[in-house]
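This report describes how two chains meet and then turns to selected residues within them. The structure is shown first.

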Amino acid sequence: MAQGFSMTRKGVEATFERGEVVLLRELISDLVGRLDAGGAATPVGTDPLEAMTGISSAPVEAPVDPIVARLLPDAHATDKEVADEFRRLADGDLRASRVAAYSAVLEDLAAAPDGHVKINREEAEVWLRVINDLRLATGTVADVTEDLDYTDLDSLDPDDPRAAFLHLYDWLTWLQSRLLGVLTG
Amino acid sequence: MSTPTLTPERTQKSDVEPDIEPDVPWVTIVWNDPINLMDYVTYVFQQVFGYSKQKATKLMLDVHRKGRAVVSSGGREEMERDVIRLQEYGLWATFQKDNQ
């Protein structure tokens, strides 16, 4: 079992088992793929201004992928035009900043000898956001609702496709709570 | 449920007075969702807005209990920036005119 995060004199530390390192790496890489797949209608590189600013010159579609849709929700609750305009302006930057955060955590994992991660506070804040995104992703797939009862986890039919994601979600929730405790303690 | 705004009663309309739409502020709203932890939402409000833990906790509880809450107000561009920052943290944030 992972020790979870703790604050030491050297900074924020955590020890992950090999399987957990692989899991985190795969979950994060999956999100990188989902965010890179969509994005601005205009391919990056064809419009120099767009490449510089991250702002699309063409309309940007709302994401079809339910995970990406949760990470990048409509910015206006009722006015689709306003929501679409916001997406055109912000979508590039929002995706890029997430992918940068994911890359940073992947690097921290790659640099961790035997799964022992040592990071500073600033890096730990990036981990917090990334773990939250992983919870959003797994929670969306597992169709988590407000009244999720964790005691039900063990009674889940193992053939239920949501079961695996709920277990992941549960673990990530614990991990995030530990990290939050360290950052706010 | 957004913060109620009081509109002054017009008791007399002058024909000379041009119709000026009052300068409507914009607001940023955070919506409740079943995934984000309460402690996390509180933490995000402190990080993004610099609110005290007390104020951030109150806003988080508003979101949680009422389904949504106004977390900041100001000009449109300012609200768009707030939405970007909140969405970067994975919160379900939108913006709109205050009188909607």
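A salt bridge joins the side chains of B:D33 and A:R70, with 3.4 Å from N to O. The model is predicted, and this distance, like the other values here, is computed from it. The rule finds 1 salt bridge across the interface of chain B and chain A. Polar contacts across that interface amount to 12 residue pairs, with both residues of each pair at pLDDT 80 or more.

On the side of chain B that touches chain A, the elements giving two or more residues are helix 1 (38-49), helix 3 (76-88) and strand 3 (93-97) of chain B. Helix 3 of chain B supplies the largest share of that side, 6 residues. Sorted by class, the side of chain B that touches chain A holds 13 nonpolar, 9 polar and 5 charged residues.

As for the extent of the interface, 27 residues of chain B contact 34 residues of chain A. Between the two chains about 2500 Å² is buried, and carbon and sulfur atoms give 59% of this area. Within chain B, the residues that lose the most area to chain A are B:I35, B:Y43 and B:Q87, which together make up 27% of what that side buries.

Aromatic residues are the next topic. Over all chains, a search of the whole structure finds 9 aromatic pairs. One of them is the pair of B:F49 and B:Y51, which is stacked, with 5.0 Å centre to centre and 25° between the planes. B:F49 counts as buried because its relative accessibility of 18% is under the 20% cut-off. B:Y51 also has a relative accessible area of 18% and is buried. In chain A, one aromatic cluster is formed by A:F5, A:F16 and A:W127.

A further residue of chain A lies in a loop. A:V60 is found between helix 2 (48-53) and helix 3 (66-71) of chain A. Is A:V60 buried or exposed? A:V60 is buried, because its relative accessible area of 5% is under 20%. From A:V60 to A:D47 the separation is 13 residues in sequence and 15 Å in space, C-alpha to C-alpha.

The accessibility values given above are listed here.

| Residue | Relative accessible area |
|---|---|
| A:V60 | 5% |
| B:F49 | 18% |
| B:Y51 | 18% |

Notes:
Residues numbered from 1 in each chain as written. Chains lettered and ligands numbered in written order. Predicted model: local features only at pLDDT ≥ 70, side-chain atom pairs only at ≥ 80, totals over all residues. Heavy atoms only, no water. Helix = DSSP H or I, 4+ residues; strand = E, 2+ residues; numbered from the N terminus. Buried < 20%, exposed > 50% of the residue type's maximum accessible area, 1.4 Å probe, protein only. Contact = heavy atoms within 4.5 Å. Buried area = accessible area lost by both parts, 1.4 Å probe. Salt bridge = Lys/Arg side-chain N within 4 Å of Asp/Glu carboxyl O. Polar contact = N/O pair within 3.5 Å; in protein donor to acceptor, adjacent residues only side chain to side chain. Nonpolar A, V, L, I, M, F, W, Y, C, P; charged D, E, K, R; others polar. Phe/Tyr/Trp six-rings, centres within 6.5 Å; stacked < 30°, edge-to-face > 60°.
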